[in-house]
Amino acid sequence: MAKLTEKHNYQGTLVCVEGIDGSGKSTQLELLRDWLKLIGQDVIFTEWNSSELISQTTKLAKKKNMLSPRTFSLLHAVDFADRLKQVIAPALKAGFIVLADRYAYTAFARDVARGVDPNWVREVYSFAIKPDLAIYFDIEPKEAMARICANRAPKFYEAGMDLKLSNDPYESYMIFQGRVTKEYKKMVKEFGLVRLDAMDSIHSKQVEIRQMLIDVLKSKGVNIDDTI
Amino acid sequence: MTQFKTKNGYDGLLIVIEGTDGSGKSTQLELLKKSIQAQSYGVMVSEWKTSRLIANVIDDAKERNLLNATTFSLLYAADFADRLENQIIPALKSGFIVLLDRYYYTALARDVVRGQDIEWVKNLYDYAPEPDLVFYLDMPVDVLLKRIIGTTGLNYYESGRDVGFSTDFYKSFEIYQNKCLEQYNNMKNEYNFKSIDGTKSIEDIHKIMNAEVQKILNSGVLD
C-alpha cells in the first residue's frame, strides 16, 4: 500500500471527490473545474469507469448482470490502472491539476460492501498515487435516494441487487448504500479523506473546496489569484 | 465416504497442465481428457484467457497495443476470476474432474517478467483453490523456439516484444522465454509441480500423467 499512503513527488496536484451517487460531488467538481480554467490553470478531468480499454465491456456486463463481486472489482481496477498510467500520471508529471470524479476509495467502499476482502482490494490498488486532496461528501442513503430516484428506480448494481439483499430495489439500495457509507466513514481516518456535509449549500461547499485547494497549491509553491 | 479428500475440499478434482508456449500442453490435455472420459468420469476442460466476458477485450487490446504491464496483469486476473467463479468452481462442486490448460502460475511467470512485484501478483490470485495435481512440461528454450517457429510462428507478446528486451524478434523471444522459464523453475517446489521432461515422446508424457491421475482415482476420492 506504499503509494496510497506516501506523498507523491510530481509537480502537479491530484484532487479527487468521493461519495455515493446523489451526494453532489460531480456538481462540485464541475464548478471547481470551470473556476480553475477561468483563472488560467492547467486542469484535466477524469472519471470512474471511463477508460477506452474496458469501460464499455464493464457497462455491457453490468447490463447483463453477469459479474461476480471479484470480477466486478478487477474490471474496475483495469479501468483505473488504464487511466492512472495513461492520463493521471502523465498529467501530474506535466504539472496539471488533475480532478478525479471517484478514485480508488470508491473501489474500497463498493467492493468491500459486496463482500470482497478489504486488504485484498487495497493491495490490488497499491499502485495508485496518493491524492493531494481527497474530499468525501457525506450523505445519508435515504437523502441520496430521494435525490437520484425522484423519477426512476435504483439501478441493479447501484442498489446492490447482485447481493440478493432484498427483492425490493429501494430496500436493497438502503442496505447496500448503507454498507458503502459505512466503509467511506472508516476511510476518513484511514486515508485522511476530508469530510464535507453533503446537505450544506452548493455555495458553501464550493467556498470550502476552493480554499482547501488554494492551501494545497500554496504548500506546493503555487500561488493562485482567486479574486476573479 | 472414504477417508480421502480432494485438496480444496470440493467433490471434484482440479488438474492443471502448465508450461511455456509450445510445450505441448494442449495435446496432453486432450489425451488426458479422453483417457478419463473412457473411465466414465465427468470431465471439463478450461483454457487460459477464454472467459466470454473478457477474452475478446484482451485480444483486441493486444492488437491495438493498448496494454501496459498493470492493465495486462489485471485483465488476465479478471478473465481468471470470471472463469473460476462461473465455470471452474461450479464444476468442482458438482464433482467434475476439471482439466486446466494453464493456471495462475502462468500469470505469476509472465507478470513478474513484465516487472510486476511478485507479492502484488500473488495477491491477485490468492483466493484460487490449490489444484490436486499440477503437471509442468519442462522444455529447453532452443527446442521451444524450433517448435514455435515451425508451427504458429513468433508472436509479439509471446516474444515479450512489449517489454522491450530487444527489437530483434528472435533475440527477444529467447530472452523472454528464458526469463519465463526461470520463473517457472522458482515455482516448482513452492507449488509442488510434477515436472515432466517435455522433450519425451507424446505417448511417454501421457503415460506419466495418466499414472499420476490414476493414483488419485484409485484412492476412491471421487467414488
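Predicted model: local features only at pLDDT ≥ 70, side-chain atom pairs only at ≥ 80, totals over all residues.
**Stop 1: where the chains meet**

Begin by showing chains A and B together. Here 20 residues of chain A are in contact with 18 residues of chain B. Now colour helices H3 (55–63), H4 (69–93) and H6 (118–124) of chain A: these are the elements that each give two or more residues to the side touching chain B. Which of them gives the largest share? It is H4(A), with 9 residues. Sorted by class, the residues on this side of chain A are 12 nonpolar, 4 polar and 4 charged.

**Stop 2: a pair of helices in chain A**

Next, select residues 104–113 of chain A, which form helix H5, and residues 169–191, which form helix H8. Their axes lie 8 Å apart, and the helices pack at an angle of about 135°. H5(A) and H8(A) are therefore oblique to each other, and their crossing is right-handed. Show the side chains to see who meets whom: among the residues from H5(A) are Tyr105(A), Phe108(A) and Arg110(A), while those from H8(A) include Phe176(A), Glu183(A) and Met187(A). This contact has 10 nonpolar and 3 charged residues, and no polar ones.

**Stop 3: a covered helix in chain B**

Finally, move to chain B and select residues 104–113, helix H4. How many of its residues are buried? The count is 10 of 10, and Tyr104(B), Arg110(B) and Asp111(B) are among them. Following H4(B), look for Gly115(B), which has a positive phi, near 95°.

Terms used
Residues numbered from 1 in each chain as written. Chains lettered and ligands numbered in written order. Contact = placed C-beta atoms within 7 Å. Helix = DSSP H or I, 4+ residues; strand = E, 2+ residues; numbered from the N terminus. Nonpolar A, V, L, I, M, F, W, Y, C, P; charged D, E, K, R; others polar. Axes fitted to C-alpha atoms, helices over the stretch in contact; angles between N-to-C directions. Parallel < 35°, antiparallel > 145°, perpendicular 65-115°, else oblique. Left-handed = near helix turned anticlockwise from the far one by under 90°. Buried ≥ 20, exposed ≤ 12 C-beta atoms within 10 Å, placed from the backbone.
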